[in-house]
Amino acid sequence: MDTLNSLVLEKFTDDAVKSFFQRLSDQFQNEAAAVTTPQQAEEFRLRCQGRKQGILTKVGELLKQAPPEHKKNVGISFNRFKSEIGSEREWHKNVGLAGLTPETSPYGNIQGYLDKLKAAEIKQNEIDITLPGTVRAPGIPHPLLKTMHEIVAVFHHLGYSTNLGPQVESDFYNFEALNFPPNHPARDTQDTLVIAAQQTRPSRDRLLMRTHTSPVQIRTMIAQAPPIRIVIPGKVHRNDAADATHSPIFHQIEGLCVATNITFSDLKGTLDHAMKALFGSDVKTRFFPSFFPFTEPSADVQISCIFCGGKGCRKCKHSGWIELLGCGMVDPAVFAAVTAERRKVDPSDDAYNPEKITGFAFGMGVERIAMIQHGISDIGHFYSGDMRFLEQFA
Ligand code: DAH
């Protein structure tokens, strides 16, 4: 822009002004492109923007001579040129030094500018403590899972471990090995969905959605010899119409204890303890004869009504008792089915000889227990995803 001194603007006609600024602009761009260091950038900036000797100042003065009728046009061109050069704040961008940071720049003005920028940024991000905070509700376990964990924990304290099994189960594990023979009417009590296109397979291999967690008893015994103490939480499926107390998909916790000298007293003592641990030490239990194909004898366990203490109320249908789970001593036919499977691997296997070992089993519905624990009247609430319901368990 040294040419500036030689630039004389004699006429202020549109063409003359235009070419004057065009030359200035070209010169500016050429020199800006040649700047490579912060020092050069600052020198260049002073030559352009310096208050007394800067080119902008000089051009401004030159333009003051413009006759009134050209002032407007000249002013517009001048402003355009000024914005091309940019303000001091934008300087380092114009000369290609945008990558400079306050740390890397030894450069007073840029440093100052960047400091200011940084301060402004911090201000923007400053926390306004008068604004309401963002409430992030912490997650909670679903009430069903919570109850499941509680029940499992009671048995863990008794030395039980946990086992899991598949929801898509074969007929053998879900029914046959549990002493539900093919076409036996006991199967009708546990209708379910079957997996399609299984007709060509042998009936024991046909797949279905498991109707209870009991098949995992079989899987566990086939895999390991006694002693066994396990609980099996899980999801089960039934062809049941949904109503206030039924759902086609629900949850159970199964228990199995097999060892030498396990008696019905052990079963009673274990479940009595578990019910007291879950519902409070005042709760009493009683055992009613029942039937399950895989236990003999079988029983239904009732607890004294936790709502009325046993006096009789609407919740217990004025009986004073609430039926809660099924149980019994493992049927020798179940041990026989397990032994037959184990002998496919080891023909001499005798781990589940019913002359030597006995066991008990039990199964309970998680939903039913959670509903009693919390006084919930409709099973559908558990699956609705309604936050108004779920929040109550936070
Ligand atoms: N599997 C049974 C059902 O779903 C519940 C049950 C009853 C499990 C007695 C057991 C048991 O282990 O001994 O109805």
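**Close-up views of pockets, ligand and backbone**

**View A. The second largest pocket has a lining of 18 residues.** D171, R187, V194, R206 and L208 lie nearest the centre of this pocket. The space in it is about 320 Å³. A pocket is an open set of points on a 1 Å grid over the protein atoms alone, where a 1.4 Å probe fits, with protein on both sides within 12 Å along at least five of seven lines; lining residues have an atom within 4 Å of a point. A volume is the space filled by probe spheres on the points, which are joined across faces, edges and corners. The lining splits into seven nonpolar, six polar and five charged residues. Asp, Glu, Lys and Arg count as charged; Ala, Val, Leu, Ile, Met, Phe, Trp, Tyr, Cys and Pro as nonpolar; the others, Gly among them, as polar.

The model is predicted: local features need pLDDT of at least 70, side-chain atom pairs need 80 or more, and totals for chains, interfaces and linings use all residues. Residues are numbered from 1 along each chain as its sequence is written, and side-chain values use heavy atoms, without hydrogens or water.

**View B. The largest pocket has a volume of about 1500 Å³.** Its lining counts 49 residues. Nearest the centre lie E323, L324, L325, G365 and R368. Strand β8 gives the largest share of the lining, eight residues. At least two residues each come from β5, β6 (285–292), β7 (295–304), β8, β9 and α13 (366–374). Helices (H or I, at least four residues) and strands (E, at least two) are DSSP runs, numbered from the N terminus. By class, this lining holds 22 nonpolar, 17 polar and ten charged residues.

**View C. The ligand takes the space of the largest pocket.** More than half of its atoms must lie within 2 Å of the grid points to count as sitting there. β5 (249–259), β8 (321–330) and β9 (358–365) are the elements that give two or more residues to the shell around the ligand. That shell has five nonpolar, nine polar and two charged residues.

**View D. Among the 16 residues around the ligand, H212, S214, R238, Q252 and E254 come nearest.** A residue is near if one of its heavy atoms lies within 4 Å. An N or O atom in the H212 side chain is 2.9 Å from a ligand nitrogen atom. R238 has a polar side-chain atom 2.7 Å from a ligand oxygen atom. For a polar side-chain atom of Q252, the distance to an oxygen atom of the ligand is 2.8 Å. The cut-off for such N or O pairs is 3.5 Å. The ligand taken alone exposes 350 Å², and the protein buries 92% of that. Areas come from the Shrake-Rupley method with a 1.4 Å probe.

**View E. Two peptide bonds are cis, at P226 to P227 and at E296 to P297.** Omega is near 5 degrees for the bond from P226 to P227. P227 lies in the loop between α10 (215–223) and β4 (228–237). Between E296 and P297, omega is about -5 degrees. P297 belongs to strand β7.

**View F. N183 has a positive phi.** The angle is about 65 degrees, although N183 is not a glycine. N183 sits in the loop between α9 (171–174) and β3 (207–209). Most residues other than glycine have a negative phi, and most peptide bonds are trans.

Terms used
A polar contact is a pair of N or O atoms within 3.5 Å; within protein, one must be able to donate a hydrogen and the other to accept it, and residues adjacent in sequence count only if both atoms are side-chain atoms.
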